[in-house]
Each structure stands twice: as structure tokens, then as C-alpha cells.
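Student: Could you go through this model with me? I have the sequence and the coordinates open.
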Amino acid sequence: MIIYSITFAIEDGIEQEWISYMKEEYIANIMEIGLFNDFRFAKTHPVSDVDTAYNVQFRCESLTHLELFEKQHAIEIDNKMTEKYKGKFGSFRMVLEEV
């Protein structure tokens with residue numbers, strides 16, 4: 001199983017609105033594509049310099065599924081978030097494989 005993990009650091013002032021956006025649009029749109037089996041959405045514990053951060057993990061069967069998502073869908077979905085919250089968040093991605 002492949003895990004596509006994205007961690008977002010967000011400004012404190014947008015937290016509740018951003019959580020709603022993540023649940024109702026960002027995550028929902030990704031899951032509707034049908035390439036991922038399930039997801040987890042969690043708030044992280046504070047670390048140095050970042051007080052408000054969240055992680056979302058999408059699980060899929062293979063790297064082929066993830067590559068298809070990245071080639072055909074990721075840019076459009078990410079652009080929508082960037083337009084809505086430009087300058088108010090940062091993110092980094094990791095790809096993990098369950099062992």
C-alpha cells in the first residue's frame with residue numbers, strides 16, 4: 001500500500017475555515033477521483049516555528065495510481081487551494097510504502 005502524505009502549516013486566523021475547505025472540497029475532490037482507497041486527516045502537535053499544522057494521508061494500491069493522480073489531477077486541485085489561501089499556508093509531501 002502506498003501512502004501519499006501532505007503536511008500543511010497554516011496561519012492561525014484561517015484554521016476553522018481551512019478545515020472546512022479541506023473536508024468539504026480538497027479531500028472530497030481527491031477521493032471522488034477513485035484512485036485512493038481511504039484517507040486520514042489529523043492535526044499535528046506543535047513543533048518549532050509552526051503552531052498550526054495538519055497532515056492528510058491518502059492510501060492507494062500502487063505507485064501507478066499515485067503517478068496517475070499526480071499527472072492528471074494534482075495540479076488542478078493544488079491550484080484551487082493556492083488561489084483560495086495564497087500566502088497563508090505552506091506544505092510538503094512525502095510518499096511512503098507500508099511494510
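Student: Where does Thr82 lie?

Tutor: Thr82 lies in helix H2, and bear in mind throughout that this is a predicted model.

Student: Let's step back, then. How many helices and strands are there in the protein chain?

Tutor: The protein chain has two helices and four strands, and read from the N terminus the elements follow the order β-α-β-β-α-β. The radius of gyration is 13 Å, close to the 13 Å that the globule rule gives for 99 residues, so the chain is as compact as a globular protein of that length.

Student: What does the C-alpha trace span along its principal axes?

Tutor: The C-alpha trace spans about 35 × 30 × 20 Å along those axes. As for the interior, buried residues account for 32% of the 99 residues, and of the contacts between residues at least 6 apart in sequence, 73% join residues at least 24 apart.

Student: What about the surface, how much of the accessible area belongs to carbon and sulfur atoms?

Tutor: Carbon and sulfur atoms hold 49% of an accessible surface that comes to about 6,200 Å². On the charge side, there are 10 positive and 18 negative side chains, with the centres of the two sets 2 Å apart.

Student: Switching to aromatics, how many pairs does a search of the whole structure find?

Tutor: The search finds 12 aromatic pairs. One of them joins Tyr4 and Phe69 in an edge-to-face arrangement, with 5.9 Å from centre to centre and 65° between the planes. Tyr4 lies in strand E1 (residues 2-10) and Phe69 in helix H2 (residues 63-85), so this pair ties together parts that are 65 residues apart in sequence.

Student: Are those two buried or exposed?

Tutor: Tyr4 is buried, with a relative accessible area of 3%, and Phe69 also counts as buried, at 2% relative accessibility.

Student: Which residues form the aromatic cluster?

Tutor: One aromatic cluster is formed by Phe8, Trp18, Tyr26, Phe41, Tyr54 and Phe89.

Student: Which residues is Val95 in contact with, leaving aside neighbours within four places in sequence?

Tutor: Val95 is in contact with Ile2, Ile3, Tyr4, Leu63 and Leu66. Among these, Tyr4 is the residue in strand E1 that pairs with Phe69 of helix H2.

Student: How far is Val95 from Gln57 in space?

Tutor: From C-alpha to C-alpha, Val95 and Gln57 are 9.4 Å apart, while in sequence they are 38 residues apart.

Methods:
Residues numbered from 1 in each chain as written. Predicted model: local features only at pLDDT ≥ 70, side-chain atom pairs only at ≥ 80, totals over all residues. Heavy atoms only, no water. Rg over C-alpha atoms; globule rule 2.2 N^0.38 Å. Buried < 20%, exposed > 50% of the residue type's maximum accessible area, 1.4 Å probe, protein only. Contact = heavy atoms within 4.5 Å. Areas by Shrake-Rupley, 256 points an atom, 1.4 Å probe, with all protein chains shown as cover. Lys, Arg positive; Asp, Glu negative; His and termini not counted. Charge placed at Lys NZ, Arg CZ, Asp CG, Glu CD. Phe/Tyr/Trp six-rings, centres within 6.5 Å; stacked < 30°, edge-to-face > 60°.
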